[in-house]
Amino acid sequence: MESLTLMPNGGVPVNGERRAYIGDIACPRWLDTFDTSAVARLLRERAVTLVLPPLTQGWLARFEGLLKRLPEELLTRLEVSANDIGTLAMAASCGATPVVGCWLVRQDTDPDIASFFDAHAHPPRRVILGNGAPALLSHAPPPDTLAVHWQTPSLFAPQALAALSSAFGCHAPRVEAHIPLHGLTQVAPGCRVSAYVGIVPVALCACRGCADCPQETVPLGYSRSGAALYRRRNLVFYSHPDGSAHVPQYVDRVINLQ
């Protein structure tokens, strides 16, 4: 299994890694530092994955122009992790390999779901019912079918994968997922899977411009289950440093999300 590091804002790849992961899952501003000649030099040394958030029409047109300036023979070594259908289609039409990004995979990463699996978070307690009768409430684990539903990204469904494979002409597309507190499904989804570890995104805020965007990590408080929530730029997330210990066997690539 490959272990890689996502380098934000066009950062230098980690020495020794066979694939360079460059970009940002939340903010397209790293494209301001996109150097076509530098990426071309990097592609001659190793494979490269460019990671993009959902792009507006303006950012999509800008990225397409940058991509088309790369030498055609190098595009076979380039993956584009896209988080909107337009960018996926554009990457495929330019000759790069499209990767279904973590926002398109549609995964429920709510940290509070984990508490439903934890009996210690729900100790038995006595209550009075509406009719005045006493009762004892105790934890009941969720049914297996519901647990699998929570732990399975929507795109892992066979129908969704088949539609995507047909649209982009790939038998088994690569998709990107996260390891949330309640875990990722243990059932192999029939596609190649990369897993982000380190932090788990919860939401993507609407972009209101760099002037109103916090560059530093800002604490937002705690979820009901006690997970500490943070915001950096337009990304809301929580830390999950133990995620790498819960990676399913079918995952063949792990990316450290800083």
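The legends below describe views of a predicted model.

**View 1. The whole protein, drawn as a C-alpha trace.**
The protein contains five helices and 13 strands. Of the 258 residues, 47% are buried. Among contacts with a separation of 6 or more, 63% are between residues 24 or more positions apart.

**View 2. The surface and the charged side chains.**
The accessible surface of the protein is about 13,200 Å². Carbon and sulfur atoms account for 55% of that surface. There are 21 positive and 21 negative side chains. The centres of these two sets are 2 Å apart.

**View 3. Strand β12 and its cover.**
Strand β12 is made of residues 235–240. Five of its six residues are buried, and the strand is described as mostly covered. β12 pairs with β9 and also with β11.

**View 4. The pairing of β9 with β12.**
Strand β9 covers residues 192–204. Six bridges connect β9 to β12, and the two strands run antiparallel. Within this pair, V200 stands opposite Y238, a residue of β12.

Strand β11 consists of residues 228–232. Its pairing with β12 is antiparallel and involves four bridges. R231 is placed opposite V236 of β12. Two residues lie between the strands of this hairpin. R233 is in the turn and has a positive phi of about 55 degrees.

Strand β10 runs from residue 218 to residue 222. It is antiparallel to β11, and four bridges join the two. V218 stands opposite R231 in β11, and R231 also stands opposite V236 in β12. Five residues separate the strands of the β10 and β11 hairpin. There, G226 has a positive phi near 100 degrees.

**View 5. Two cysteines, C27 and C94.**
Are these cysteines buried or exposed? C27 has a relative accessibility of 10%, and because the cut-off for buried is under 20%, C27 counts as buried. C94, with a relative accessible area of 15%, is therefore buried as well. A disulfide is a covalent bond between the sulfur atoms of two cysteines. The structure holds zero disulfides.

Technical notes: Residues are numbered from 1 along each chain as its sequence is written. This is a predicted model: local features need pLDDT of at least 70, side-chain atom pairs count only at pLDDT 80 or more; totals for chains, interfaces and linings use all residues. Side-chain values use heavy atoms; hydrogens and water are left out. Buried means under 20% relative accessible area, exposed over 50%, partly exposed in between (1.4 Å probe, protein chains only). Two strands pair if DSSP finds at least two bridges between them. A disulfide is a pair of cysteine sulfur atoms within 2.5 Å. Contact means heavy atoms within 4.5 Å. Accessible areas come from the Shrake-Rupley method with a 1.4 Å probe; for residues, only the protein chains shown count as cover. Lys and Arg count as positive and Asp and Glu as negative; His and the chain ends are not counted. The place of a charge is taken as NZ of Lys, CZ of Arg, CG of Asp or CD of Glu.
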